Amino acid sequence: MTNQDTVTGQLPRRSLRGVVALLCTAGLLATMAGSATSAPAVVKDETFVDAQTPGILHIEGGECFDDPAHLPEAGGVVVRYRPCALGADNQVYGFVHADDTDWDPVALREFAWSACRQLFTSTWPDDTGQALRFYPVLPTVETWADGDRDVMCVVYRFGGRLTGSMLPSW
């Protein structure tokens with residue numbers, strides 16, 4: 001800094017560039033941190049995935065899968081199997097069978113939530129399941145017409161991925 005800079009109260013250009021660069025970097029980091037933490041956790045319900053979501057019918061009891069994602073090579077949004085040991089978004093913990101009645105989406109939804117809740121509490125009877133949530137995967141009117149009466153019960157961790165199989169080893 002020269003005496004003239006001190007007299008006029010100005011910083012040398014090199015110092016100004018450093019301050020501007022520092023402020024820009026701080027702003028960029030704040031934006032990145034905000035976007036990384038501001039993504040809301042997905043709340044999954046009976047509409048999240050259904051029997052007609054491509055790929056879901058290939059998932060069996062005890063298997064894990066990731067949330068539906070757009071895959072250009074598959075031609076759209078699909079559910080993909082993922083080995084539980086590698087971490088996944090969801091795991092099937094059982095199936096329940098609905099009565100063979102006329103299509104009633106309200107009754108089916110109530111049955112599915114109740115039956116999956118009962119299966120959840122019997123699978124995780126103590127605090128081991130407290131970090132987990134569940135949702136049912138329902139037949140659709142089209143699959144119901146084809147005789148589909150199975151409801152898939154799925155467990156997931158709200159705000160995070162499963163780190164392996166969540167099923168108790170008895």
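When the bonded cysteines of the protein chain are numbered in sequence order, their pairing reads 1-2, 3-4. The model is a predicted one, and the count of disulfides in it comes to two.

One of these bonds joins Cys64 to Cys84, with an S to S distance of 2.0 Å. Because the torsion about this S-S bond is about 100 degrees, the disulfide of Cys64 and Cys84 is right-handed. Cys64 lies in strand β1 (residues 64-65), whereas Cys84 sits in the loop between β4 (81-82) and β5 (90-97), so the bond ties together parts that are 20 residues apart in sequence. Cys64 has a relative accessibility of 0% and therefore counts as buried; Cys84, at 14%, counts as buried because the cut-off is under 20%.

The other bond to consider joins Cys116 to Cys153, with an S to S distance of 2.0 Å, and it is left-handed, with -80 degrees about the S-S bond. This pair links distant parts of the chain, with Cys116 in helix α3 (residues 105-123) and Cys153 in strand β7, 37 residues apart. Both Cys116 and Cys153 are buried.

A polar atom of the Arg149 side chain lies 2.6 Å from the backbone oxygen of Trp144. Leaving aside residues up to four places away in sequence, Arg149 touches Val96, His97, Ala98, Asp99, Asp100 and Thr101, together with Pro139 and Trp144.

Conventions: Residues are numbered from 1 along each chain as its sequence is written. This is a predicted model: local features need pLDDT of at least 70, side-chain atom pairs count only at pLDDT 80 or more; totals for chains, interfaces and linings use all residues. Side-chain values use heavy atoms; hydrogens and water are left out. A polar contact is a pair of N or O atoms within 3.5 Å; within protein, one must be able to donate a hydrogen and the other to accept it, and residues adjacent in sequence count only if both atoms are side-chain atoms. Contact means heavy atoms within 4.5 Å. A disulfide is a pair of cysteine sulfur atoms within 2.5 Å. Helices (H or I, at least four residues) and strands (E, at least two) are DSSP runs, numbered from the N terminus. Buried means under 20% relative accessible area, exposed over 50%, partly exposed in between (1.4 Å probe, protein chains only).
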